[in-house]
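Subject: Handover of a structure and notes on it

Dear colleague,

Please find below the structure that I am handing over to you.

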Amino acid sequence: MNILSSCLKLSSDCVFLILLVAFASIAQQPKPLPAPARLRPLIGEYVHDNQTVIVLENEGKLYALVKGTSPAEPREISSNAISRNQLTLDNVIYKRTPLGPAEGATQLKVKPLRPVPELLKEALAAQPPQETGDFLPTDLVDLIKLDPTIKLDIRYATTNNLFGTVFYSQPRAFLQRAPAEALVRVNRKLKSLGYGLLVHDGYRPWYVTKVFWDATPDDKKIFVADPSKGSRHNRGAAVDLTLYDLKTGKPIEMVSTYDETTDRAHPDYPGGTSLQRWHRNLLRSSMEAEGFTVYAAEWWHFDYKDWHRYRIGNEKFEMISHAFAPLREKSLFALHRANGKR
């Protein structure tokens with residue numbers, strides 16, 4: 001029996017096997033060397049009229065890629081083609097355009113459409129959308145209680161976030177038990193490669209999602225969830241995260257910063273350095289091998305495969321252990337009755 005016919009008969013097992021092979025493939029690929037220091041300041045985007053050129057590094061060389069062209073093939077260029085924040089390509093001068101946060105900063109800021117305190121008051125008084133149907137029992141667990149080697153950098157518990165406002169009363173990360181246990185497995189596998197997981201966000205109360213939506217300009221709403229439908233974060237089945245180096249404890253540099261509302265945030269964005277892209281792909285392949293899917297606009301955001309089977313939550317962190325206890329007990333009671341037990 002060939003591989004294809006085996007996959008047709010055992011589709012779920014085959015998909016899992018393919019993902020494991022993909023993870024192993026990424027892990028076995030030679031890790032690129034860091035980009036030469038002299039090239040790093042030249043990497044970025046350059047614009048002329050409505051045309052944008054991405055300048056990227058690959059194996060110690062610079063390449064130019066014209067956005068939106070087909071076929072999109074990068075061409076090698078000399079570092080001499082760039083000077084004084086200008087790229088000269090085919091006798092056309094492209095000017096460098098700023099991307100991401102200011103030099104030395106870790107977080108891009110977005111000016112909210114209205115004052116966040118005002119929006120927060122409205123969101124706390126509002127109610128999440130009503131849902132019907134059969135859902136899995138809510139069982140949010142504290143990630144670091146499952147695995148203390150998972151690091152946390154919960155930006156929304158500080159002012160170092162997209163809107164410069166504290167949204168969470170505690171710097172904690174919760175997930176439903178199944179995705180939480182899957183994340184622990186990811187972290188365990190990555191350790192053999194010298195990396196660990198650094199989590200920025202997990203479960204997010206619905207009222208916070210509403211503030212994000214109401215505060216975000218229309219041209220950036222692709223990066224936030226519509227509160228009328230609820231976020232996968234609200235269900236405790238999505239996680240924002242990156243990698244950290246086990247030796248130094250420091251976050252790994254990716255193609256973009258976390259919560260960056262630019263094209264660089266896309267998981268398939270071709271720019272940056274070889275090493276940045278390798279790390280981004282390593283994170284993605286390792287998460288996909290455990291049932292997560294990356295969001296199309298954010299390399300750091302992953303949804304668990306059963307996200308739709310959980311209800312939207314709106315509880316603050318300090319209330320989680322109390323709020324969901326009755327739901328767990330009710331679900332267990334229903335399970336025992338279905339099995340003929342009381």
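The largest nonpolar core has 60 residues. A nonpolar core is a set of buried Ala, Val, Leu, Ile, Met, Phe, Trp, Tyr and Cys residues joined through side-chain atoms within 4.5 Å; buried means under 20% relative accessible area, exposed over 50%, and partly exposed in between, with a 1.4 Å probe and protein chains only. Phe167, Leu183, Val239, Leu241, Leu243, Leu283 and Met287 have the most contacts inside this core. Apart from it lies another core, of 15 residues, which includes Leu39, Val55, Ile82 and Tyr94. In soluble globular proteins, nonpolar side chains tend to be buried together.

Please note that this is a predicted model, in which local features need pLDDT of at least 70 and side-chain atom pairs count only at pLDDT 80 or more, while totals for chains, interfaces and linings use all residues. Residues are numbered from 1 along each chain as its sequence is written, and side-chain values use heavy atoms, with hydrogens and water left out.

For the protein overall, 45% of the 342 residues count as buried. There are nine helices and 14 strands; these are DSSP runs numbered from the N terminus, helices being H or I with at least four residues and strands E with at least two.

Leu190 is among the buried residues of helix α5, as are Leu183 and Val186. The 15 residues of α5 (residues 177-191) should span 21 Å at 1.5 Å a residue, and the end C-alpha atoms are 21 Å apart, which agrees. The expected span is 1.5 Å times one less than the number of residues.

Strand β11 (residues 195-201) is largely enclosed by the rest of the structure, because seven of its seven residues are buried. Strands pair if DSSP finds at least two bridges between them. β11 pairs with strand β12 (residues 238-245) in the antiparallel sense over six bridges, and with strand β9 (residues 151-152) in the parallel sense over two bridges. Val199 stands opposite Leu241 in β12 and is also the bridge partner of Leu152.

Elsewhere, seven strands form an open sheet with antiparallel pairing, in the order β4-β3-β2-β1-β7-β6-β5. Its edge strands, β4 (75-77) and β5 (82-83), each pair on one side only. Three bridges join β4 to strand β3 (residues 61-66), and Leu62 stands opposite Ile77 in β4.

A further topic is the aromatic rings. How many aromatic pairs does a search of the whole structure find? The search finds 13. Rings of Phe, Tyr and Trp (its six-membered ring) pair if their centres lie within 6.5 Å; planes under 30 degrees apart count as stacked, over 60 as edge-to-face and the rest as tilted. Trp299 and Trp300 form an edge-to-face pair, 5.4 Å centre to centre with 85 degrees between the planes. Trp299 is buried at a relative accessible area of 4%, and Trp300 is buried at 1%.

Finally, Gly100 lies in the loop between β7 (92-97) and α3 (116-125). Gly100 and Glu260 are 160 residues apart in sequence and 6.1 Å apart in space, C-alpha to C-alpha.

Yours sincerely,
A colleague
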